[in-house]
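I opened my notebook to look through one protein chain. My plan was to go from the overall fold to single residues.

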Amino acid sequence: MNYSFQYIDIILLAMIAGFIFLRLRGILGRKTGFEGKSPAQFKEVLKNIKTEQAVKPKENFDEEAQKEFLKGAKIAYETIITDFSDNDNKITNAKPLLNKEIYNQFDDALKERAKRGHFAEITFIGVNKAEIKEHKKTGNILNVTVDFIAEVITCIKDKEKKIISGDPEKIKKIYDTWVFSRDTTSANPNWQLVNILT
């Protein structure tokens, strides 16, 4: 009799253990480790975070931002000067760096030069100094005025390659004050030349 009760106890315990196992498997799942798939809602949250980070530009024009800006301004300055002064009389590489008004001014000057049959030869030596004179934010637009001191070798020649102006053997120091601008709310990090003061 006692033996039958022991068997019943064992069967009951086995049934309880089986029930607990099935409940745990249903709650925790059968697989272990990271399965490589995230829930759809989590993916959407990540997507929104990435979009916000990409769209939100750095609005604070602090010392670090100014250093980065000046690096780019030196490259832009060389690109624009070289493009304007080369012998094809066309603005090509520098076009994205110019706003519409400055581009039109440069383009008109180059068309006039081409009409006269003149072309330029330039060797850009380098930027000796680039210094932020002032920076001012109006609404979302940040304008930065930069003083440049650079060295170039340049001359203008006619169709017969006769020198009209400049000296192909002489290094000339040039002083420029340019104004660059960008919309701080734009995802586009590029600056454009908007004014030439000297």
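I began with a definition: buried means under 20% relative accessible area, exposed means over 50%, and partly exposed lies in between, with a 1.4 Å probe and protein chains only. I noted that this is a predicted model, where local features need pLDDT of at least 70, side-chain atom pairs count only at pLDDT 80 or more, and totals for chains, interfaces and linings use all residues. Residues are numbered from 1 along each chain as its sequence is written, and side-chain values use heavy atoms, with hydrogens and water left out.

**Entry 1: the chain**

I looked up the elements and found four helices and five strands. Helices (H or I, at least four residues) and strands (E, at least two) are DSSP runs, numbered from the N terminus. Along the sequence the pattern reads α-α-α-α-β-β-β-β-β. The chain has 198 residues, and 27% of them count as buried.

I then checked contacts, meaning heavy atoms within 4.5 Å. Among contacts between residues at least 6 apart in sequence, 58% join residues at least 24 apart.

**Entry 2: the core**

Which residues have the most contacts inside the largest nonpolar core? I found Phe69 and Phe180, in a core of 30 residues. Such a core is a set of buried Ala, Val, Leu, Ile, Met, Phe, Trp, Tyr and Cys residues joined through side-chain atoms within 4.5 Å. Two or more residues each come from α3 (63–85), α4 (100–115), β1 (119–138), β2 (141–157) and β4 (172–183). Helix α3 gives the largest share, eight residues.

Leaving aside neighbours within four places in sequence, Phe69 touches Phe61, Ile132, Val144, Val146, Phe180 and Trp191.

**Entry 3: aromatic rings**

I searched the whole structure and got 11 aromatic pairs. Rings of Phe, Tyr and Trp (its six-membered ring) pair if their centres lie within 6.5 Å; planes under 30 degrees apart count as stacked, over 60 as edge-to-face and the rest as tilted. Why is the pair Tyr77 and Phe148 stacked? The ring centres are 4.2 Å apart and the planes are at 15°, so the pair counts as stacked. Tyr77 sits in helix α3 and Phe148 in strand β2, 71 residues apart. I checked burial too. Tyr77 is buried at 0% relative accessible area, and Phe148 is buried at 1%.

Ring pairs also join a cluster: Phe61, Phe69, Tyr77, Phe124, Phe148, Trp178, Phe180 and Trp191.

**Entry 4: Lys74**

Lys74 is also in helix α3. I found this lysine partly exposed, at 36% relative accessibility. Beyond neighbours within four places in sequence, Lys74 is in contact with Val127, Ala130 and Phe148.

**Entry 5: two positive phi values**

Most residues other than glycine have a negative phi. I looked for exceptions. Asn89 has a phi near 55°. Asn89 lies in the loop between α3 and α4 and is buried, at 12% relative accessibility. Lys161 has a positive phi of about 65°. Is Lys161 buried or exposed? At 59% relative accessibility, Lys161 counts as exposed, and its place is the loop between β2 and β3.
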